[in-house]
Amino acid sequence: MPLSNGSWTTTSMRNGRYRGLSDTKPGIPKKCPCGFEIELRVSQIDPGRRFFICTGPVSVPGPHVNKWWDEAVMEEFDELKGKIEEQNTQLLHIAMDCGRMDKLVDDVAKLKDSGKKMENVTPNELKIVVVFGVVVIIMAMIIAFLK
Ligand SMILES: [Zn+2]
């Protein structure tokens, strides 16, 4: 790979290979927007510093990936941190929902218990009410018949 003399200072030139516009998506690049794979290389302008760069031919129009590895990793960390915070918030909401669910389950269990109590009591009470009602009706008919 031909390298420049290091006098280039723009983002797209700093790794020593002109690639047109640089891809600005945050994080570790997976594939170049142009469709070509990405390679991790070691800079000769900034010795030892690694960078991601598109493997496609220079003639392919950009934008292309051309970014420092350490910057990409930091962006990836920031993105992951944001996702973790988002998931923590979702977990908190789920925990709150679970609490509400537990209360509902308790309420349903209590209703079932009171329903069973009603089942145990109702048959005898119902018989008494029916018998009493029948007696009242018979008495009312007797009184009406006597008048
Ligand atoms: Zn590319």
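I started with the strands, and I saw that β1 (residues 38–42) and β2 pair in the antiparallel sense over five bridges. Strands here are DSSP runs of E with at least two residues, helices are runs of H or I with at least four, and both are numbered from the N terminus. Two strands count as paired if DSSP finds at least two bridges between them.

Before going on, I noted that this is a predicted model, where local features need pLDDT of at least 70, side-chain atom pairs count only at pLDDT 80 or more, and totals for chains, interfaces and linings use all residues. Residues are numbered from 1 along each chain as its sequence is written.

**The sheet**

V42 stands opposite R50, and L40 has F52 as its bridge partner.

Next I followed β2 to its other partner. β2 and β3 (residues 66–68) pair over three bridges, again in the antiparallel sense. I found N66 of β3 as the bridge partner of I53.

Put together, the three strands form an open sheet in the order β1-β2-β3, with antiparallel pairing. β1 and β3 are at the edges with a single partner strand each, so one side of each has no neighbour in the sheet. I wrote down an average twist of 25° from one strand to the next; axes are lines fitted to C-alpha atoms (for helices, over the stretch in contact), and angles run from 0 to 180 degrees between N-to-C directions.

**What is buried**

Is β2 largely enclosed or open? Four of its five residues (50–54) are buried, so β2 is largely enclosed by the rest of the structure. Buried means that 20 or more other C-beta atoms lie within 10 Å of a residue's own, exposed means 12 or fewer, and partly exposed is in between, with C-beta atoms placed from the backbone.

I then listed the largest nonpolar core: C32, I38, F51, F52, I53, C54, V65 and A72, eight residues in total. β2 gives the most to this core, with four residues. Such a core is a set of buried Ala, Val, Leu, Ile, Met, Phe, Trp, Tyr and Cys residues joined through C-beta atoms within 7 Å.

**The loop between β2 and β3**

I stopped at G56, which sits in this loop. G56 has 18 C-beta neighbours inside 10 Å, so it counts as partly exposed. Leaving out residues up to four places away in sequence, G56 touches C32, C34, F36 and H64; a contact means C-beta atoms, placed from the backbone, within 7 Å. C32 is 24 residues from G56 along the chain, and their C-alpha atoms are 8.6 Å apart.

P63 is in this loop too. I checked the peptide bond from G62 to P63 and found it cis, with omega near 5°. Most peptide bonds are trans.

**The whole chain**

In the model, residues 126–146 are 100% helix and 0% strand, with end C-alpha atoms 30 Å apart.

Conventions: Two residues are in contact if their C-beta atoms, placed from the backbone, lie within 7 Å.
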